[in-house]
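Please read them with the structure open.

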Amino acid sequence: MLLATALALVALFVLAVIPGSLPLQVLQLDWQQRFVERVIANSGFPIVAFTLVHLAAHVEADRPELYLLRQRLRRWAVLVTCLYLLLIPLQGSIAVRQFGDRAALQALQRRTVQEQFSRFSDLIRSAPDALSLQRQLAAVDGPALTDADLAKPMPQLRRDLLDALRRAEAAMPARIDQATPLQPLVWGVLRDGLRLMGSALVMALAFAAGAQSRHSSRTLLTRLLDRRRSMRGSPYRRK
């Protein structure tokens with residue numbers, strides 16, 4: 001029963017992660033974020049399955065095949081530990097790219113707006129009269145002229161429109177920043193980053209507690225703790 005439950009838990013993990021990750025888009029930021037989220041959200045399945053195999057080998061210690069299965073899984077746990085550790089820099093790179101994408105989006109918006117205002121400015125300067133300017137602005141989805149604008153002499157209309165255009169262009173960066181504010185992105189990235197990277201580290205430590213290489217009788221976590229204690233107790237360290 002313990003082995004069947006362990007197998008079922010592994011199957012649930014695979015079914016929760018793999019189908020939801022199709023089609024594979026490994027280089028896409030959204031796909032990477034979803035993949036990390038799915039792995040972390042379903043990590044309880046494999047660690048419980050790993051524990052159940054150890055429990056089964058302990059309950060029926062007279063069955064050598066269970067001991068061999070446990071040792072085989074312990075060796076695989078070394079790889080699983082490394083994979084969980086790799087999720088930490090992956091999530092860090094995702095966070096950096098999220099900020100980069102936001103900066104690139106704002107730069108694109110500013111460039112688009114500048115090009116649009118430049119086009120409007122050229123039309124205003126080159127239009128021979130108000131009616132012609134009105135048709136040209138309407139053709140490029142520009143601002144509509146009111147009856148009061150059309151009643152103005154063309155030099156005054158041109159001057160007023162250029163002044164209004166300069167004011168609107170000067171106010172546009174602030175509007176773009178308000179449309180894509182930085183603070184929610186910062187808090188969202190910090191919240192998700194700390195949660196996912198912390199969870200990945202916890203899962204790596206959990207698997208390291210049972211991970212055992214072929215040429216060592218101690219687990220990875222035991223070796224790590226022993227090395228840390230030896231470094232703290234080193235006379236060179238105390239100096």
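1. How far apart are the closest N and O atoms in the salt bridge of arginine 63 with glutamate 65? They lie 2.8 Å apart. Keep in mind that this is a predicted model.

2. Arginine 63 has another partner. Its side chain also meets that of glutamate 60 in a salt bridge, at 3.4 Å from N to O.

3. Arginine 63 has 30% relative accessibility, so it counts as partly exposed. Glutamate 60 is partly exposed as well, at 35%. Glutamate 65 has a relative accessible area of 42% and is again partly exposed.

4. Now to helix 8, which spans residues 182-208. Here the side chains of arginine 195 and aspartate 192 form a salt bridge, with 3.5 Å between N and O. What separates the two along the helix? They are three residues apart, which means about one helical turn.

5. Accessibility for this pair follows. Arginine 195 has a relative accessible area of 37% and is partly exposed. Aspartate 192 is at 24%. The cut-off for buried is under 20%, so aspartate 192 still counts as partly exposed.

6. The pair belongs to a wider arrangement. Glu37, Arg191, Asp192 and Arg195 are joined in a network of salt bridges. How many salt bridges does a search of the whole structure find? The search gives nine.

7. Next, a helix pair. Helix 1 covers residues 2-17 and helix 3 covers residues 44-59. They pack at an angle of about 165°, and their axes are 8 Å apart. Angles over 145 degrees count as roughly antiparallel, so helix 1 is roughly antiparallel to helix 3. The crossing of helix 1 past helix 3 is left-handed.

8. Which residues make that contact? Helix 1 contributes Leu2, Leu3, Thr5, Ala6, Leu9, Val10, Leu12 and Phe13. From helix 3 come Phe45, Pro46, Val48, Ala49, Leu52, Val53, Leu55 and Ala56.

Notes
Residues are numbered from 1 along each chain as its sequence is written. This is a predicted model: local features need pLDDT of at least 70, side-chain atom pairs count only at pLDDT 80 or more; totals for chains, interfaces and linings use all residues. Side-chain values use heavy atoms; hydrogens and water are left out. Axes are lines fitted to C-alpha atoms, for helices over the stretch in contact, and angles run from 0 to 180 degrees between N-to-C directions. Helices (H or I, at least four residues) and strands (E, at least two) are DSSP runs, numbered from the N terminus. Angles under 35 degrees count as roughly parallel, over 145 as roughly antiparallel, 65 to 115 as roughly perpendicular and the rest as oblique. A crossing is left-handed if the near helix is turned anticlockwise from the far one by less than a right angle, and right-handed if clockwise. Contact means heavy atoms within 4.5 Å. A salt bridge is a side-chain nitrogen of Lys or Arg within 4 Å of a carboxyl oxygen of Asp or Glu. Buried means under 20% relative accessible area, exposed over 50%, partly exposed in between (1.4 Å probe, protein chains only).
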